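Dear colleague,

I am handing over the structure below, and after it you will find an account of what turned up in it. Please read the account with the structure open beside you.

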Amino acid sequence: MFGWNGKLLRVDLTKGRAVADEYSAETAKNYLGGRGFAVKILWDALKAGIDPLSPDNRLIFAAGPLTAFPVPSSGKLIVAAKSPLTWGYGDGNIGTVAAVQMRRAGYDAVVVEGKAKNPIVLLIRDESVDFLDAGDLWGLGSFETERRLAQLYGHGAGVLCIGQAGENLVKYAVVVSQEGRAGGRPGMGAVMGSKNLKAVVFIGSNELSAAYPKEIKELGSDALREVLTRPNYAFWKRQGTMSTIEWSQENSVLPTRNYSEGVFRKAGAIGGFAMEKMKVSNRGCPQCNMTCGNVVKDSYRKESELDYENVAMLGSNIGLGNLKSVAALNRFADDYGLDAISLGNVLGFAMEASEKGLIDERVPWGGFKMAKNLIRDIAYRQGHLGSLLADGVYSASMEIGENSSHWAMHVKGLEVSAYDCHTTPAMALAYGTCSVGAHHKDAWVVSWEVKAGRKGYSAEKVEKVIELQRIRGGVFECLTVCRFP
Ligand code: SF4
């Protein structure tokens, strides 16, 4: 089989056993990889009603058929499981060298079931699989965990790990790689923690075989060259997705104070041009020549990787207009292994609840110190408010009552991402019908809608949402390639 390895690695942590499992060419063609594989595996394996945090759940890492070939922006994998946040299908993609190393180790996907007796690291080095004690790593943040594993296995090794949030089963904990590459918004980090799996390390040495190796190389080179000729290339390299702050502000879709408004008075202070003044370098996914991770120094002079979603959610959505402080909150989120979108959403919810006098704690809009302390409390599930918010905004609103569900911003339990849709009904439809909950990734229809006209629904808008969901949520998530090129 060309393009695919034709092999999955099935790991049972309860039994401490790993078995390579072959799959057919027909399965590869029908499901492609990434999300397609994950859905198929979960559908076949899970009994209805299982607890997502029980050993019965499966945690899946699945790459696409282009990963590890010289094709632009294909260095990604999907992490998927039944979600503890929504109790439905959950996934997210991560741009990481672990995707490339997994494919080079000979596997298109790894499927983890069961629960290890004690915390472990799974070391997958070509055919060999080791279950290593992770007692000394448990309790560490994702940055230190990865640093120690890189010391042991080299900086080229692919590492996927969790921070304290995943260990403490925070329901929007993510899987982290390369200090800031994070994925699995609907609690994939919590599923990993529930299995006592601190990290997975991939080291691969095999070359993948293509049916037309010369042609794929040429196509990849042509595509990389074409990226460089685009008129907005230089600006993209300067700002990546951060210019969306200004765009969202101009179009009144920048989530502000728990989505109560779409315009933020201090947007300029947290926008792309403000970020440029603080920027120290670019980071990105493997195989990408338009890297978009903006690395800045935060208010503690430590590095933090910024993009639009995390700045909007930890900035305007909580009323914080100081980019260095936003960058610090973002770094805490990445290190603890918390999804920055859901985190900004629950913090905004807590601030609104405090303003309305529905909780005892005082959580002021834009209050950096309180936000910082709350993030720590959420990651460790400590204190009344930390524990309450660790289960997500839907659960918190059910607990608080008093009509707070009216401004608890989620769909299916997954917190809304960073586009306010009071004036963009097609974007609201995209959130409402996204397979994993309120995520922008399946149908980012908002920019089309602003141009096409915002007023009301129409058959054209519905068709556009469906088209984008099929292209972005369907093809891109199965191929595990980035949409930006
Ligand atoms: S454009 Fe950004 S997200 Fe896409 S592959 Fe490049 S670095 Fe990754």
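A salt bridge here is a side-chain nitrogen of Lys or Arg within 4 Å of a carboxyl oxygen of Asp or Glu. By that rule, the side chains of Arg-283 and Glu-305 meet in a salt bridge, at 3.2 Å from N to O. Since Arg-283 lies in strand β13 (residues 279–283) and Glu-305 in strand β15 (residues 303–306), the pair ties together parts that are 22 residues apart in sequence. Both Arg-283 and Glu-305 are buried. Please keep in mind throughout that this is a predicted model.

As for the chain in general, its secondary structure comes to 20 helices and 17 strands, and its C-alpha trace spans about 55 × 50 × 45 Å along the principal axes. A compact globule of 485 residues would have a radius of gyration near 23 Å, and the 21 Å of the chain agrees with this. Of the 485 residues, 60% count as buried, and among contacts between residues at least 6 apart in sequence, 68% join residues at least 24 apart. The chain carries 56 positive and 52 negative side chains, with the centres of the two sets 3 Å apart.

A search of the whole structure finds 28 salt bridges. One of them joins Lys-441 to Asp-91, with the closest N and O atoms 2.8 Å apart. Because Lys-441 lies in the loop between α18 (425–433) and α19 (446–452), whereas Asp-91 lies in strand β5 (residues 89–95), this pair ties together parts that are 350 residues apart in sequence. Lys-441 counts as buried at 5% relative accessibility, and Asp-91 counts as buried at 0%. Both residues also belong to a network of salt bridges that links Arg-35, Asp-91, Lys-441, Asp-442, Glu-477 and Arg-483.

Val-112 lies in strand β6 (residues 109–113) and, at 0% relative accessibility, counts as buried; leaving aside neighbours within four places in sequence, its contacts include Val-11, Leu-13, Phe-61 and Leu-197.

With kind regards

Note on methods: Residues numbered from 1 in each chain as written. Predicted model: local features only at pLDDT ≥ 70, side-chain atom pairs only at ≥ 80, totals over all residues. Heavy atoms only, no water. Helix = DSSP H or I, 4+ residues; strand = E, 2+ residues; numbered from the N terminus. Rg over C-alpha atoms; globule rule 2.2 N^0.38 Å. Buried < 20%, exposed > 50% of the residue type's maximum accessible area, 1.4 Å probe, protein only. Contact = heavy atoms within 4.5 Å. Lys, Arg positive; Asp, Glu negative; His and termini not counted. Charge placed at Lys NZ, Arg CZ, Asp CG, Glu CD.
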